[in-house]
Amino acid sequence: MGLRDRSGDLPTHSIDCRGEQNKTESETLASGPVYPYPIRLHGPWEVSVAGAAPTRVTMPRLLPATGPTVLQRRFGLPRTIDDFERVWLVAEDVRGSSVWRLNGEKLGDVDGGSVEFEITARLRPRNDLVVEIPNAAGEVGFAGDVGLVIQCAAFLRNLRARSLG
């Protein structure tokens, strides 16, 4: 799951939670939310390196770091989340070993690469995302997009079809 499809564009297909593929923009708007629904968290992010005063930046971006680095992004609840929906925190091409927290609760440790955390139950009206990179050296941050993805509770991932015979 990511914020972009393989071509690098935002998803161009739209599927509603009833499994119906919408054919036109007017049908899409009439049927309600479509999935996946990406919300980018480009900025502003507050970045503090080695305890220095925070600076504001937008993501994706790689930052030079020579000590413990903290990236922080505050955001509101995207909208009312229905019972059949789930919200994922997604980051692509994370640089540096990091600890991820949402609203003070640890989501997990990441050793670079892509990140996916299901965060639906952890969301509040106002949210505080903190990414701590305790041993930063070199460039750290996000070389790819970072954001939220709203999905149906059940969805298919990496589905492939081939003809037999």
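Modeller: What follows starts with the core and then turns to the rings. Keep in mind that this is a predicted model.

The largest nonpolar core has 32 residues. Those with the most contacts inside it are Trp 45, Leu 71, Leu 89, Trp 100, Ile 119 and Phe 142. Several strands supply at least two residues each to this core, among them β2 (45-49), β6 (85-102), β7 (105-118) and β9 (138-142). Strand β6 gives the most, with six residues.

Now the rings. A pair of aromatic rings is described by the distance of the centres and the angle of the planes. A search of the whole structure finds three aromatic pairs. In one of them, Trp 100 and Phe 117 are 6.1 Å apart, centre to centre, with 50 degrees between the planes, and the pair is tilted. Trp 100 belongs to strand β6 and Phe 117 to strand β7, so this pair ties together parts that are 17 residues apart in sequence.

Are these two residues buried or exposed? Trp 100 has 0% relative accessibility and therefore counts as buried. Phe 117, at 13% relative accessibility, also counts as buried, because the cut-off for buried is under 20%.

Trp 100 has another partner. Its ring and that of Phe 142 have their centres 5.7 Å apart and their planes at 50 degrees, so this pair is tilted. Here Trp 100 in strand β6 meets Phe 142 in strand β9, so the pair ties together parts that are 42 residues apart in sequence. Phe 142 counts as buried, because its relative accessibility is 1%. Taken together, Trp 45, Trp 100, Phe 117 and Phe 142 form one aromatic cluster.

Strand β6 holds one further point of detail. Asp 93 lies in this strand, and its phi is near 60 degrees, a positive value in a residue other than glycine. At 32% relative accessibility, Asp 93 counts as partly exposed. Asn 103 counts as buried, with 14% relative accessibility.

A cis peptide bond joins Gly 43 to Pro 44, with omega about 5 degrees.

Technical notes: Residues are numbered from 1 along each chain as its sequence is written. This is a predicted model: local features need pLDDT of at least 70, side-chain atom pairs count only at pLDDT 80 or more; totals for chains, interfaces and linings use all residues. Side-chain values use heavy atoms; hydrogens and water are left out. A nonpolar core is a set of buried Ala, Val, Leu, Ile, Met, Phe, Trp, Tyr and Cys residues joined through side-chain atoms within 4.5 Å. Buried means under 20% relative accessible area, exposed over 50%, partly exposed in between (1.4 Å probe, protein chains only). Helices (H or I, at least four residues) and strands (E, at least two) are DSSP runs, numbered from the N terminus. Rings of Phe, Tyr and Trp (its six-membered ring) pair if their centres lie within 6.5 Å; planes under 30 degrees apart count as stacked, over 60 as edge-to-face and the rest as tilted.
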